[in-house]
Amino acid sequence: MVRSLPLSAYLAFARRETPTWETPDQARPDGPVIWIHCADREHASAMAHLALRLVAQRGEGQVILTIPNRKAQPFSLPDGIWAIAAPSENPADVAQFLDFFQPDILLWHGPGMRPALIHGAHQRNVPCFLLGADELALEQRNWRWLPDSLRATLQLFTAIYARNKTSHFRLSRLLAGYTQVHQSGPLLEECPALKCSETDLEDLSECLTARPVWLAAYVDKTELETILAAHRTALRQSPRLLLVLVPHTPKEASEIHSKLQSEDWRVALWDEGEMPVEKTHILLAENAAELGLFYRTAPITLMGSSLVAGQGGRNPFEAAALGSAILYGPSVRYHLDAYSRLARAGGARIVKDEQSLSAALDSLMAPDKVAQMVHAGWETVSEGAAVIDQILSGVSDAMDQKAEGDAST
């Protein structure tokens, strides 16, 4: 592709930017490098999981994540991700970065286009993919003095995955056949179904036959008062109701158990081999590794670490994928897209305090209502998985084609 005049003008001005990128002390990883760039840190975890699935699918590779600047560190990332600040737009910085990492693929998410960085990757025949694209969000005010600069940059991508029908139409019209534009959907964080012991599942299910159950997962000790107060209220309406409580960290279990004892709750300790009996109020489990079991047995889950400001929430797809309706608090910034999408579909409901949590539990004691939420949550998880499968298929094909081209040269 011949470089456009707007892009050439941009690159000329970018040379005036002060170079800032420094070669890392850590050596470049061996094997293929999957490069992901996330302009909005809220999607960094979803992008990281997508890239790690690509690594698993192909059997090798290292994932590097670039972010706009050091101050925009992602909220949370899975293991196996090398996060680093992106280079400046100075072409010398871009060249130094690409010389060091020699990426095999670029997966880009977010509205902040970096024309010099994308152009540098394109010039080195690195397949570039734009995910979750929204044409209106891609516009940048400081580009308005360069007509068609957005179009010129988008034409450098191998393929673009639009987040909805409207964006697909606008981007297809803007690019007029220069770049493949696919309608996919928003990129949501994937969550493989958590495993559990089949024996434990059979034993616990038999123990809980016909007994109403709800789960509070990843509970921070600052949330405990609210949860216990709501459970106490719910017991007045449903005396056989059991709360399964899993702390935020195992080290908090002892402190929580002491509090439960001081308030005369009848507690069974899962990690000591105790099963709940008819009069048990709370089943306390220390380790979140057991959540795969409890999501399968509890039709309602409060995703903890969300009721008190500063916690940020946990991935709700863990529970939704295993057939549990989601309740959550207002502090879910780590997974805001996932919660918002579940809530819009009817698979999740926000609660803010003891009263709203009690009301939600009371409402969801009706089997038809909880079944509707579970179904809506499952459909949302399935839609997210379909988007990821579509993207991975296109990206993997491009990597195969690149490998074949490199081998023939």
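**Notes on the predicted model**

1. A398 is located in helix α15. The model is a predicted one, and the remarks below should be read with that in mind.

2. Is A398 buried or exposed? With a relative accessible area of 10%, A398 is buried, because the cut-off for that class is under 20%. Apart from neighbours within four places in sequence, the residues in contact with A398 are I105, P127 and F129.

3. A398 can also be set against L284. The two are separated by 114 residues in sequence, and their C-alpha atoms are 48 Å apart in space.

4. K402 also has its place in helix α15, which covers residues 367–408. The relative accessible area of K402 is 16%, so this lysine counts as buried under the 20% cut-off. Which residues does K402 touch, not counting those up to four places away in sequence? They are P103, D104, N125, V126 and P127.

5. The largest nonpolar core holds 38 residues. Within this core, L154, F157 and I160 touch the most other members. Helix α3, residues 91–101, supplies the largest share of the core, with 5 residues.

6. I160 deserves a separate entry. Leaving aside neighbours within four places in sequence, I160 is in contact with L130, A133, L154, L171, L175, T179, Q180, V181 and H182. One of these, L154, is itself named with I160 among the core residues that touch the most other members.

7. The next item is a helix pair. Two packed helices are described by the angle between their axes and by the distance between those axes. Helix α9 (residues 224–237) packs with helix α10 (residues 253–262) at an angle of about 40°, and the axes are 12 Å apart. That angle makes α9 oblique to α10, because roughly parallel would require an angle under 35 degrees. The crossing of the two helices is right-handed.

8. Which residues of α9 and α10 meet? From α9 they are L224, E225 and L228; from α10 they are I256, K259 and L260. Sorted by class, the contact between α9 and α10 has 4 nonpolar residues, 2 charged residues and no polar ones.

Notes: Residues are numbered from 1 along each chain as its sequence is written. This is a predicted model: local features need pLDDT of at least 70, side-chain atom pairs count only at pLDDT 80 or more; totals for chains, interfaces and linings use all residues. Side-chain values use heavy atoms; hydrogens and water are left out. A nonpolar core is a set of buried Ala, Val, Leu, Ile, Met, Phe, Trp, Tyr and Cys residues joined through side-chain atoms within 4.5 Å. Buried means under 20% relative accessible area, exposed over 50%, partly exposed in between (1.4 Å probe, protein chains only). Helices (H or I, at least four residues) and strands (E, at least two) are DSSP runs, numbered from the N terminus. Contact means heavy atoms within 4.5 Å. Axes are lines fitted to C-alpha atoms, for helices over the stretch in contact, and angles run from 0 to 180 degrees between N-to-C directions. Angles under 35 degrees count as roughly parallel, over 145 as roughly antiparallel, 65 to 115 as roughly perpendicular and the rest as oblique. A crossing is left-handed if the near helix is turned anticlockwise from the far one by less than a right angle, and right-handed if clockwise. Ala, Val, Leu, Ile, Met, Phe, Trp, Tyr, Cys and Pro count as nonpolar, Asp, Glu, Lys and Arg as charged, and the others, Gly among them, as polar.
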